[in-house]
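Reader: I would like to learn how the words used for a protein model are tied to its values. Could you take me through them one at a time?
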Amino acid sequence: MRGMVDRAPGAPEEIRRLQAEGEELRAALAAVSLHQAMNEQSPLGVMCVSGTTGRYVFANSVSADLLGRSVDEILASDAFELWRAMTSPEDFEQDRLEMDRMARGETDRFDREKRILRPDGEAR
């Protein structure tokens, strides 16, 4: 059967194309795996929210510890509600302005120091 496929018009080109696509997918998977490992091993809290779904894509254990929640709790939570719950009233307005800038497409991220409110009432 293989000999018949190899003799079909266009088959060798199609096979080479599929092999090249397979290599690209393997490289992309390796890059994603490396990115995930770097985030999980980071000494800093790392969380990411999808701009299209508004859901958490990932969170590492450092961020979970900081927030007083498990990684699973973070990933299952509504990103907006968690943001409101963990943001101190003193930081809320500045955060809201930065989020508005993101929503308007003026920036794709913001970075700032802020106080974090945990479920037990502790501020960090």
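Author: Let us start with a definition: helices are DSSP runs of at least four residues and strands are runs of at least two, numbered from the N terminus. In this model, which is predicted, the protein chain has 6 helices and 2 strands, and from the N terminus on these elements follow the order α-α-β-β-α-α-α-α.

Reader: How do you know whether the protein chain is spread out or a compact globule?

Author: The globule rule gives 14 Å for 124 residues, whereas the radius of gyration of the protein chain is 22 Å, well over that value, so the chain is more spread out than a compact globule. The C-alpha atoms, taken along the principal axes, fill a box of roughly 70 × 30 × 20 Å.

Reader: What makes up the largest nonpolar core?

Author: A nonpolar core needs buried residues joined through side-chain atoms within 4.5 Å, and buried means under 20% relative accessible area. The largest such core has 9 residues, among them Tyr56, Ala64, Leu82 and Ile116. Strand E2 (56–59), H3 and H5 each give two or more residues to this core, and H5 gives the most, with 3 residues. In the chain as a whole, buried residues make up 21% of the 124 residues.

Reader: Which residues lie closest to the centre of the largest pocket?

Author: The largest pocket holds about 1200 Å³ of space, and of its 27 lining residues, Met47, Cys48, Val49, Met86 and Phe110 are the closest to its centre. The lining divides into 15 nonpolar, 5 polar and 7 charged residues, and H5 gives the most to this lining, with 4 residues.

Definitions and conventions: Residues are numbered from 1 along each chain as its sequence is written. This is a predicted model: local features need pLDDT of at least 70, side-chain atom pairs count only at pLDDT 80 or more; totals for chains, interfaces and linings use all residues. Side-chain values use heavy atoms; hydrogens and water are left out. On a 1 Å grid over the protein atoms alone, a cavity is a set of points where a 1.4 Å probe fits but cannot get out, and a pocket is an open set with protein on both sides within 12 Å along at least five of seven lines; lining residues have an atom within 4 Å of a point. Grid points are joined across faces, edges and corners, and a volume is the space filled by probe spheres set on the points. Ala, Val, Leu, Ile, Met, Phe, Trp, Tyr, Cys and Pro count as nonpolar, Asp, Glu, Lys and Arg as charged, and the others, Gly among them, as polar. Buried means under 20% relative accessible area, exposed over 50%, partly exposed in between (1.4 Å probe, protein chains only). The radius of gyration is taken over C-alpha atoms; the globule rule is 2.2 Å times the number of residues to the power 0.38.
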